[in-house]
Amino acid sequence: MGSVDGKYIRWQVKVNFYEVALTEIQMLLQQLDNLAPIYASKFRQLILSLVERFGPLSIATHELLANSLKCLAAAVKKSNASDVAGKLFSTSVLPSVDRQLPSVVTGSEILPGVIGTVLAGVECSQGYYPLTAAFVKLTSAFIQADLTDERVAVPCNLFILREVLPFLLTRQYVSLGQRDLMIGISLNWLHLLLQTDSSNQVRQMCAHILLDSPRGEAESVVTIAAFGSALAEMQLIKQTDWEDREGHGQVLLRHIRLSLSILNVLLNDREAAGRMSPLETLLSSPSSAGQHFTTVLAHYIFYRFDLRLATLALKVLKSCANRWKNVSLLACLGHDASLIRNTWLDSLESNLEDAGLIRNILRLMTDSVASQPGLMHMLVNGDDRCFRAVTRLLLESKELEALELVHQFWFQRCSPAIEYFKEQPNFWPQLCLPLLTSDKDPELKRIALLFQILAIELYNTCGKKVNAELQTVLNQLPSHLTDWSDLVLNSLPSSSSPAGKDKTSLDFLLSGWSDFLVMLAHYGPATEVGTRAKISTDVLESLTGRAESGHHSPLLGKLAELNWMLQLVEKKSNSQMLSGLGRLLVVVAEKELTSFPARFQVAVLTSAVSALRLRSETDTDKELSTWMRCVSLCSIIATCITALCLSLLTELLPAAQDLSAMQETFLLQSLISTIQFCIHHRRGWEVAETALAVLLDGARTDTGSAVLTQLQLDQTLWLPLEAIYEAQPTVYRLGLQLCTTVLGRQRHFFLEQALTLAGVHQQPITNILLKLRHQSKDDLLLAIDVMALLRQLSVFQQTWRLQHSGSMQGVLQAASSAVYYGIAHLIRAGSLSPIMGTSFVDGKDSEATQPSPAVMELQSQLLELVSQGLAMLNCYNPPLAALLTEDGIDVAKWERHLSPSFSTPSLDHLEASPSLSFGTLNAVASHTLRILSKPDQQPNQRNHLTMVLEQSLSLLLSQALLYILDPRLCAQEKQLLKRELGAELGSFVESIRRQAQRGPFLPSPAVASTTPRPVSSTVHQSFLKLVGHIVQRIFK
């Protein structure tokens, strides 16, 4: 009530005393929060008590509740957020969920609480949203306070995302100001949420929903961002006071900027995928008016009242260009493309344009080089405006973004751009000026880009057509290499340095430096040996020091790769390099290999393998004395890179002298466990092969074979191997070779375990040997290893007969059949055609024709099989000299391995397991004699032929004498055998005599291709004379 000119007037107004009181309380809270925390806490408790008391009375007291939440939003800090959220959770005011966080993403229902009830029942019908606005502000305050209570954070953010954000533009409002208020606080909430750490689960969940949900939660944001520059300009012109930040035009600009920022964050969060998300599909599709969203974004460049709008629009366009591989931005721009191109180029050419706008245009062009070739072609096509502008920004303004664009031109091999820049005078000297200055502390990313551009140019030209100006720069660079090496290594973070430098720039710098050094070594001018050695030593020492400090930065892997590349560039290992790598391996073993990044592990082990392979044969092994123990430790603890550790062991074992570390570190036991794991799980066969190869190398030494003898291989390895002889023949072969090698060195100490293998593997061994009738290359190689093992076991025939007589008899019968098959294939060239997969003509012409290397290799393998088999059978014969002298020989106890038959071996119409005969051995002896008489025999093949000839004649004569001396045979049978053998062997001895008459000398190299070599020059003369003497005295 008031008085005007003596008249009393009563004003009728609606006053909410709760609102007045709470507004006062809110102001007091803001003032007292910093001055008197105790009073602020008491006020918070009073407000929370109001919420607890009046909150359930939703419809009657929603304005009181709204103002209470506004006061709490102003009072929430990081120190009290959990307490406030916990007490609000105990009421029914806030939304809630009845499930855990992972299931919320799938779309579980949200319990709306009082907030949702008031929104649906009161505020939507009135067009006035005080409680919803206060709730959104409170949720934003929780985000700023880093609330970790998922019981409150998850349902509150999801409720806004699903029930508030999608309907910002479709709900009715009592006034335009109320609409602007709801849009502003909602966009501000979403922007705050997306600015939190990417590891925040609530942020991840909301970003996933906005990107991939088909319900269109982000459609309102897209619509606001697509208002366009014309509408924004019109609303700003309508505003009477442009300085009024709460005017409708300024508010609209803020909303558009927030929407563009939100879309940019969402698109940058989008991981590379084969399909476009629903949000990206919405952005790439034309609107109902036929205009693309990207066209609206491009038109923001024309809005000059607020450059932030154009800058944000360019950022969103850059994100779209980088991720839309199957959508052409040029096609989306349509007829406006030429206008937009000219506007962008005008901005690049202007000296007065905003620097931030220019940088964003350059970033958009950089991403368009690779992902939007149409847009990039539009910018550079027709004239050189774009290239001239970029050149000015690059060389005069020294813009880093221009250098990034030029780097992308070189990286993507954009020929028009590259040729234009290379034709500019003084381009290379001005571009590389930072590399040649005495000041070595510039921008890391700039230096990295320069190094990579030089590396790509050297790679593309292969050092042959290098520009003269570039050659001048390259000739000056070697004197600065050591300084740059020191700068790069000193720039890497240490364990004690703060994380102030950009790790991405450091990573890029190390990559560019590595690429440049490698390309300079291959295609650039020669660098002094001392410079290369210093750089390599510094890198290795820096790598060792950082590994020893325990600072396992991701850059450690890059540094290890640089060390490996420098090592390969040298193409030879020296003692200093081996010593440095030895120290690094010791550090890695002490710190446990698996504690380092996987990339570092692979690079270090690969470097060690390469160093051993590049080691000269004349180098001493003193530097390798410390390697074995640390490599053994690394191999034991490494699980994901076992193959690399095994490769390193394979290279190290032949060079190492002391293998005691293998025994001390239980390395061999670990290798056997690895093989067992691979066999049990039926995977990782390459690892199993390498592990067996390492065991085989160790078995070739006395120490290694002694350790293997103690490991009870009959229990740990022989049984698992029996199950894979068909599925993995290579692994099985290595297992057989391991047994053969250990038995050859340890003999009786390993005999029992070897006999166990023969007994357990009797069936596989028999099957392998009998498969030689229709053999393949793999079957032949496997049979050779089986025969080598049987030959070793035959040396201990008496023990074998006592312990496993059944397996011995079965295996010997199969071995005899395998020798028969080998001889049959050997003397019949036509039978090699199915094995070789090619035609091989049988007959005299084939003998006169020089066989191919593949055929010779196959014949050598057959000769090795036959020689091993015959040597094994000779172990079961009495000595030939004892048979001739009849010195204490009990003829009855020796077995007859040859049947009294004189037919040649055949592969047609054979029984399951054929037996050897006198005719079989006579045929192979004649065949080897005929081949030995031919010129140009390889030494290896000649040795095999000689072995087969001697073993076959020895076995034939021994068996023949056993038949003749056997008292159980009648005289008529003996006479028949003498006559047949005399006839067959007589012709054989005559052939030897004719060869001997050709001369005992070796032919000269000039006539080696035409003059046959005499057999007497290869086969031992005394043995041939003995054969001739036996034939003349006994069989004639």
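The following conversation goes through a predicted model, from the whole chain down to single residues.

Student: What should I know about the model before we start?
Tutor: Residues are numbered from 1 along each chain as its sequence is written, and side-chain values use heavy atoms, with hydrogens and water left out. The model is predicted, and local features need pLDDT of at least 70, side-chain atom pairs count only at pLDDT 80 or more, and totals for chains, interfaces and linings use all residues.

Student: How many helices and strands does the chain have?
Tutor: There are 55 helices and two strands in the chain. Helices (H or I, at least four residues) and strands (E, at least two) are DSSP runs, numbered from the N terminus.

Student: And how much of the chain is buried?
Tutor: Of its 1036 residues, 53% count as buried. Buried means under 20% relative accessible area, exposed over 50%, and partly exposed in between, with a 1.4 Å probe and protein chains only. The accessible surface of the chain is about 47200 Å², and carbon and sulfur atoms account for 52% of that. Those areas come from the Shrake-Rupley method with a 1.4 Å probe; for residues, only the protein chains shown count as cover.

Student: What share of the contacts joins residues at least 24 apart?
Tutor: Among contacts between residues at least 6 apart in sequence, 73% join residues at least 24 apart. Contact means heavy atoms within 4.5 Å.

Student: Is α22 mostly covered or exposed, and which residues are buried?
Tutor: Helix α22 is mostly covered, with 11 of its 12 residues buried. Among them are Leu 400, Glu 401, Glu 404, His 407 and Trp 410. After α22 comes Arg 413, whose phi is positive, near 55°.

Student: How does α38 compare with its expected span?
Tutor: Helix α38 (residues 685–699) has 15 residues and reaches 21 Å from its first C-alpha to its last, close to the 21 Å expected. Of those 15 residues, 12 are buried, including Trp 685, Asp 697 and Gly 698.

Student: Which residue other than glycine has a positive phi near 60°?
Tutor: Asn 426 has such a phi. Asn 426 is in the loop between α23 (415–423) and α24 (427–431), and at 42% relative accessibility this residue is partly exposed.

Student: New topic: how many disulfides are there?
Tutor: The count is zero, where a disulfide is a pair of cysteine sulfur atoms within 2.5 Å. For Cys 332, the closest cysteine sulfur is in Cys 320 at 8.9 Å, too far for a bond. Cys 332 is buried at 7% relative accessible area, and Cys 206 is buried at 0%.

Student: What does Ala 818 touch?
Tutor: Ala 818 lies in helix α47 (residues 805–827) and is buried, at 0% relative accessibility. Leaving aside neighbours within four places in sequence, Ala 818 is in contact with Leu 769, Leu 772, Met 787 and Leu 865. Its C-alpha atom is separated by 8.8 Å from that of Pro 914, 96 residues apart along the chain.

Student: And Asn 264, buried or exposed?
Tutor: Asn 264, in helix α13 (residues 248–269), is buried with a relative accessible area of 12%. Not counting residues up to four places away in sequence, Asn 264 touches Lys 315, Val 316 and Ser 319.

Student: Last one: how many cavities of 30 Å³ or more are there?
Tutor: There are four. On a 1 Å grid over the protein atoms alone, a cavity is a set of points where a 1.4 Å probe fits but cannot get out, and lining residues have an atom within 4 Å of a point. The largest cavity holds about 130 Å³ of space; a volume is the space filled by probe spheres set on the points, which are joined across faces, edges and corners.

Student: Which residues line the largest cavity?
Tutor: The lining includes Leu 481, Leu 517, Thr 527, Arg 532, Ser 536 and Glu 570. The elements that give two or more residues to this lining are α29 (503–523), α30 (529–549) and α31 (555–570).

Definitions and conventions. On a 1 Å grid over the protein atoms alone, a cavity is a set of points where a 1.4 Å probe fits but cannot get out, and a pocket is an open set with protein on both sides within 12 Å along at least five of seven lines; lining residues have an atom within 4 Å of a point. The expected span of a helix is 1.5 Å times one less than its number of residues.
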